[in-house]
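Let's take a walk through this protein, from the overall build down to a few side chains. Have the sequence and the model open as you read.

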Amino acid sequence: SIISFSTKSLPANSVVVGGSLKVRKLGSVGPVDPFTTHGNLIADMKTGYFGTTQALEDMDFHAAATMNNIGQFNPFGANDWYRLIFTSDVFNLFDLVGDRTQFRLRFTIQDNNDGVANYLRFSGGVNTTTNNPAVTIWFYVPHP
């Protein structure tokens, strides 16, 4: 999955001090849930956007990230929510002068060699805002 967030409302001189990314699992497709066979769900982060345009492209899944494996998702609360807590080494990767920061979700094991597609479905938030992937960024703006 590619998750894209507008970060243009953050002041250009913001100092990020924490935050998290959360997604809601809707289900799995295939004979097994990838959480049981494909290792940890992790995210790569891109300052700006993967690929050559802000629109989703096939190449986004192969484009270089600003940083690979920024952390792993863990169960969070009820209703199949998963959360990745940002560590300090990614705080400066949020796009504060452009308008976009993107995340690419993937498992640490790409294939369990069973010859069958196994993947997860996450809420894209199309029909309701309560299931949207969400990024929370804690920041401050230094005094001049």
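## A look around the model

Of the 144 residues in the protein, 40% are buried. Keep in mind that this is a predicted model.

On the secondary structure side, you get one helix and nine strands. Reading from the N terminus, the order is β-β-α-β-β-β-β-β-β-β. The radius of gyration is 16 Å, close to the 15 Å that the globule rule gives for 144 residues, so the protein is as compact as a globular protein of that length. If you box up the C-alpha atoms along the principal axes, the box comes to roughly 60 × 35 × 30 Å.

Now for the aromatics. The protein has six aromatic pairs. Take Phe5 and Phe103: their ring centres are 6.1 Å apart and their planes sit at 70 degrees, so this pair is edge-to-face, the cut-off for that being over 60 degrees.

How does burial look for a few residues of interest? Here are four of them, with relative accessibility and the class that goes with it.

| Residue | Relative accessibility | Class |
|---|---|---|
| Phe5 | 13% | buried |
| Phe103 | 1% | buried |
| Val17 | 46% | partly exposed |
| Asp89 | 43% | partly exposed |

Both phenylalanines count as buried because their values, 13% for Phe5 and 1% for Phe103, fall under the 20% cut-off. Val17, at 46%, lands in the class between 20% and 50%, so it is partly exposed.

Another aromatic to look up is Trp81. Lys22 lies over the face of its ring, 4.6 Å from the ring centre.

Last stop is Asp89. You'll find Asp89 in the loop between strand 6 (81-85) and strand 7. Which distance separates Asp89 from Ile70 in space, C-alpha to C-alpha? It is 8.3 Å, with the two residues 19 apart in sequence.

Technical notes. Residues are numbered from 1 along each chain as its sequence is written. This is a predicted model: local features need pLDDT of at least 70, side-chain atom pairs count only at pLDDT 80 or more; totals for chains, interfaces and linings use all residues. Side-chain values use heavy atoms; hydrogens and water are left out. Rings of Phe, Tyr and Trp (its six-membered ring) pair if their centres lie within 6.5 Å; planes under 30 degrees apart count as stacked, over 60 as edge-to-face and the rest as tilted. Buried means under 20% relative accessible area, exposed over 50%, partly exposed in between (1.4 Å probe, protein chains only). A charge sits over a ring if NZ of Lys or CZ of Arg is within 6 Å of the ring centre and within 35 degrees of the ring normal. Helices (H or I, at least four residues) and strands (E, at least two) are DSSP runs, numbered from the N terminus. The radius of gyration is taken over C-alpha atoms; the globule rule is 2.2 Å times the number of residues to the power 0.38.
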